[in-house]
Amino acid sequence: MNLLTVEQISKSYGELQLFSNISFGINKDQKIALIAKNGSGKTSILNIISGKDSTETGKVTSRKGITISFLEQEPDLNPNLTIEETIFASGNAILNVISDYDEAVKNPDDAEAYQAAFESMDRLNAWDFETQYKQILFKLQLTDLKRKVGVLSGGQKKRLALANALINKPDLLILDEPTNHLDLEMIEWLEAFFKKENITLFMVTHDRFFLERVCNEILELDNNQLYSYKGNYSYYLEKRDARLEREAVEQHKGKLLFKKELEWMRRQPKARTTKSKSRIDDFFDIKAKASQRRQEHEVQLELNMERLGSKIVEMHNISKAFDKSVMLSKFDYSFTKGERVGVIGKNGTGKSTFLNILTGRETVDGGKMVIGDTVKFGYYTQKGIPQKQGQKVIDVIREFGDFIPLKKGRQISAQQLLERFLFDRKKQYDFVEKLSGGERKRLYLCTVLIQNPNFLILDEPTNDLDIVTLNVLESFLLDFPGCLIVVSHDRYFMDKIVDHLFIFKGDGVIEDFPGNYSDYRAYENSKVMEGRQAKAAEKAEKTQWKENDGNKKLSYLEQKEYSKLEKEIQKLEVEKKELQSKFTDERLSGDDITQLSITLSEVEQKIEAKTERWFELSAIQEG
């Protein structure tokens, strides 16, 4: 079933043509990703199909009655509302019923209103829905429901907008970089959520694992042509390479044919027949095709690196806390030459604090840090380039000099350097505020690298960069001879670049894991499997008596236990229902929800254990 059709849409800004006459369709249950280079108009396409922007040509048609939600890179939320009010302000019918029920609970004297609200909750199965939406908020670490949107960080606002979109369960969900500002655990949960839910997706993302595991179709916008690949990221790479090979062969044939036709044109006399005029018309078509060139310029990184001495960075018993939140606790580590460290952990566990301490932007509460004389840090932060009104792209680079040193004593001008970072001469004189998000990140990366660091720190470097630029950055980092620390939620990027991980567990605990992210996940999964196997072995041991003694009867104590278990299980079931009903209380704080979830989990485990024992004793009783 078709949900939305895009016909011949175009967009330009002044003389810059982003795309023209683009057409495609979105059908129910498709999970489509749009891939293109930075500055090609990916976000503009999302804005047009979501209705936030208009097209210069063509039209967008959506199926009557469908709901569409759009997760923007920078969501526009009302700063005066709380998290909970933002959720309830979305216009969702079930949320309105829950809101009415909460109001009825506050006014118990109005029995009629309470009864109507209770029946509406039953009719729409809103009890389960409320539990689900609170679980989504919990997974996205938005547990303080009374907190105002105006005091949230950019990442928290993005997560709130994502939660809103997921809770409303639209017919079509449009996502612009959904994994930005999510930690690894959240991303993996979101992947599982999208796999499980029957939801139609159209997204822009640079997360290649996400593309691999979630998407079943990829659209590539390349040189104003749209190509469709009915498969995941691996399928796309395979078919795209085959397409480029075919195009190269066709281009070569076209050039040979053009050469032949050009010779014929030069030999022809001025007076021509109708037949020759037709061939002349064809010649100009052949010439146009032969003259086409692929814009395959890639970022070229070959900057000079300062020599790194034997002493690099030593951290001795480093401690840091903010109020009662411990970030580092007596942390010891000495970095060695060529070390590549990945940093992972939940938000708020101290990753950014660690980087700020390392670069001297944050003081320590205790311990000592020694930095070698030859160490030169290059720190790529999430904040990006400081905005200066009226500053042009070329001015950003010229702040570091008109000429930049390269390897082997060579140098290039600021203009030439920008061209290597895919900013042509015309683009260099654009104002920075006119650049796309990805182009600004690429320019910022340029400013960090031209300072010739030998200890490179990258805090979420993959956000907003296109896949082509990511591949080139990965190649550069693999050859980078200095020290490297990467904080990233991009698992594909981490797997390719780092040799070991600092895992921030919280409360100042940092685990040094010898391997990349996939190695770590495999290790964690193996621990879970070992736990399950141990539990299964224990269960088998308990039930082995059935094989050894089929005529065993319940002892006096076992009979008492059997009778007691029935009552205990019934009591626990009542306790479970009471706990579940407490989730509907709007006065619950984030800590309350967390504690309730823990208590509910403990009760469920007790029910499972006692029920298992009851079945064991029941089997003996019946025997």
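**Close-up 1. Helix α5 crosses helix α6 in a right-handed way.** In this predicted model, α5 covers residues 126–139 and α6 covers residues 154–168. The two pack at an angle of about 155°, and their axes sit 10 Å apart. Angles over 145 degrees count as roughly antiparallel, so that is the label for α5 and α6.

**Close-up 2. Here are the side-by-side residues where α5 meets α6.** From α5, look for Phe129, Tyr133, Ile136 and Leu137. Their counterparts on α6 are Ala163, Leu166 and Ile167. What classes of residue make up this contact of α5 with α6? Seven are nonpolar, with no polar and no charged residues.

**Close-up 3. Six strands line up in an open sheet.** Reading across, the order goes β14-β17-β18-β12-β19-β20, and the pairing is mixed. Strands of a sheet pair through backbone hydrogen bonds, and they can do so in parallel or antiparallel fashion. On average, neighbouring strands here are turned by 15° against each other, direction ignored.

Close-up 4. Spot tyrosine 380, which stands opposite leucine 458 in β17.

**Close-up 5. Helix α15 lies across part of the sheet.** Made of residues 467–479, α15 lies across β12 (340–345), β17 and β18 (483–487). Relative to β12, the helix runs at about 125°.

Methods
Residues numbered from 1 in each chain as written. Predicted model: local features only at pLDDT ≥ 70, side-chain atom pairs only at ≥ 80, totals over all residues. Heavy atoms only, no water. Axes fitted to C-alpha atoms, helices over the stretch in contact; angles between N-to-C directions. Helix = DSSP H or I, 4+ residues; strand = E, 2+ residues; numbered from the N terminus. Parallel < 35°, antiparallel > 145°, perpendicular 65-115°, else oblique. Left-handed = near helix turned anticlockwise from the far one by under 90°. Contact = heavy atoms within 4.5 Å. Nonpolar A, V, L, I, M, F, W, Y, C, P; charged D, E, K, R; others polar. Pairing = 2+ DSSP bridges.
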